[in-house]
Amino acid sequence: MSMAWDVAQHSNCRRRKVGVIIVRDGTVVITAANGTPAGMTPCNKGGCLRCLSDTPSGELYDSCLCIHAEQAAIARATRTGVPTDGATLYCTLRPCLTCAKLCLEAGILNIVYDEEIQFTPDVEEAYEQFTKETSLSFAKCSKGGPGRSTGTQQIIPSKEE
């Protein structure tokens, strides 16, 4: 997880730095951080008006120009021909529901995240349904702060047993 925190330092998002690594067959195959897409003005230099505003976290994502770290990693894997089937995604922050769905479609089997984020009750309800009905498994690291995860994980089963 510490590697994901190192990658997060490359984020150009002014609101929150998030890093991702994708591991397949024991090898890191892709790393990515959140922020505005390549070729755009970086978020931390005024490139995203939503991030410049005082819009509450979790609102108006459709107007945000930043791409989530999970999205950037999967796009980079696709662009470079790196397969993600059977991979594990390590993320510094619990993925949003859209990113979790994208991970499932990309063939990622496991998501391990460090920091928790709470979504609105309706999104949490949909998230719970998603985790019960899909093969994607989630694990939260026990943490001692960014980059200092103990490695202890609480597995959150994806299907009811």
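Q: Axes are lines fitted to C-alpha atoms, for helices over the stretch in contact, and angles run from 0 to 180 degrees between N-to-C directions. With that in hand, what do the axes of helix H4 and helix H5 do?
A: The axes of helix H4 (residues 97–105) and helix H5 (residues 121–133) come within 10 Å and cross at roughly 20°. A word on the origin of these values: this is a predicted model, in which local features need pLDDT of at least 70 and side-chain atom pairs count only at pLDDT 80 or more, while totals for chains, interfaces and linings use all residues. Residues are numbered from 1 along each chain as its sequence is written, and side-chain values use heavy atoms, with hydrogens and water left out.

Q: Why are H4 and H5 called roughly parallel to each other?
A: Angles under 35 degrees count as roughly parallel, over 145 as roughly antiparallel, 65 to 115 as roughly perpendicular and the rest as oblique. The H4 and H5 axes cross at roughly 20°, so the pair is roughly parallel.

Q: Which hand does the crossing of H4 and H5 have, left or right?
A: H4 passes H5 in a left-handed crossing. A crossing is left-handed if the near helix is turned anticlockwise from the far one by less than a right angle, and right-handed if clockwise.

Q: Which residues make the contact of H4 with H5?
A: On the H4 side they are Leu97, Ala100, Lys101 and Leu104, and on the H5 side Val123, Ala126, Tyr127 and Phe130. Contact here means heavy atoms within 4.5 Å.

Q: How do the residues of the contact of H4 with H5 divide by class?
A: Seven are nonpolar, none is polar and one is charged. The classes are set by residue type: Ala, Val, Leu, Ile, Met, Phe, Trp, Tyr, Cys and Pro count as nonpolar, Asp, Glu, Lys and Arg as charged, and the others, Gly among them, as polar.

Q: What makes H3 and H4 roughly parallel to each other?
A: Helix H3 (residues 69–80) and H4 pack at an angle of about 25°, with their axes 9 Å apart. That angle meets the criterion, and H3 and H4 are therefore roughly parallel to each other. H3 passes H4 in a left-handed crossing.

Q: Which residues meet between H3 and H4?
A: Glu70, Gln71 and Ile74 of H3 meet Thr98, Cys99, Leu102 and Cys103 of H4. By class, this contact of H3 with H4 has four nonpolar, two polar and one charged residues.

Q: How many helices and strands does the protein chain have?
A: It has five helices and six strands, in the order α-β-β-α-α-β-α-β-α-β-β along the sequence. Helices (H or I, at least four residues) and strands (E, at least two) are DSSP runs, numbered from the N terminus.

Q: Why does Val28 count as partly exposed?
A: Buried means under 20% relative accessible area, exposed over 50%, and partly exposed in between (1.4 Å probe, protein chains only). Val28 has 36% relative accessibility and so counts as partly exposed. Val28 lies in strand E2 (residues 27–33), and touches Met3, Ile21, Ile22 and Val23, not counting residues up to four places away in sequence.

Q: How do you know whether Asp25 is buried or exposed?
A: Asp25 has 71% relative accessibility, so it counts as exposed. Asp25 sits in the loop between strand E1 (19–24) and E2, and its phi is near 55°, a positive value in a residue other than glycine.

Q: What about Gly26: is it buried or exposed?
A: Gly26 has 71% relative accessibility and therefore counts as exposed. Gly26 is also found in the loop between E1 and E2. Its C-alpha atom is separated by 8.9 Å from that of Ala87, 61 residues apart along the chain.

Q: What makes Gly47 buried or exposed?
A: The relative accessible area of Gly47 is 14%, so Gly47 is buried. Gly47 lies in the loop between E2 and helix H2 (49–52). Among residues beyond four places away in sequence, Gly47 touches Thr36, Thr41, Pro42 and Leu65.

Q: Why does Met1 count as buried?
A: Met1 has 17% relative accessibility, so it counts as buried. Met1 is in the segment before helix H1 (2–8). Met1 and Tyr90 are 89 residues apart in sequence and 6.5 Å apart in space, C-alpha to C-alpha.
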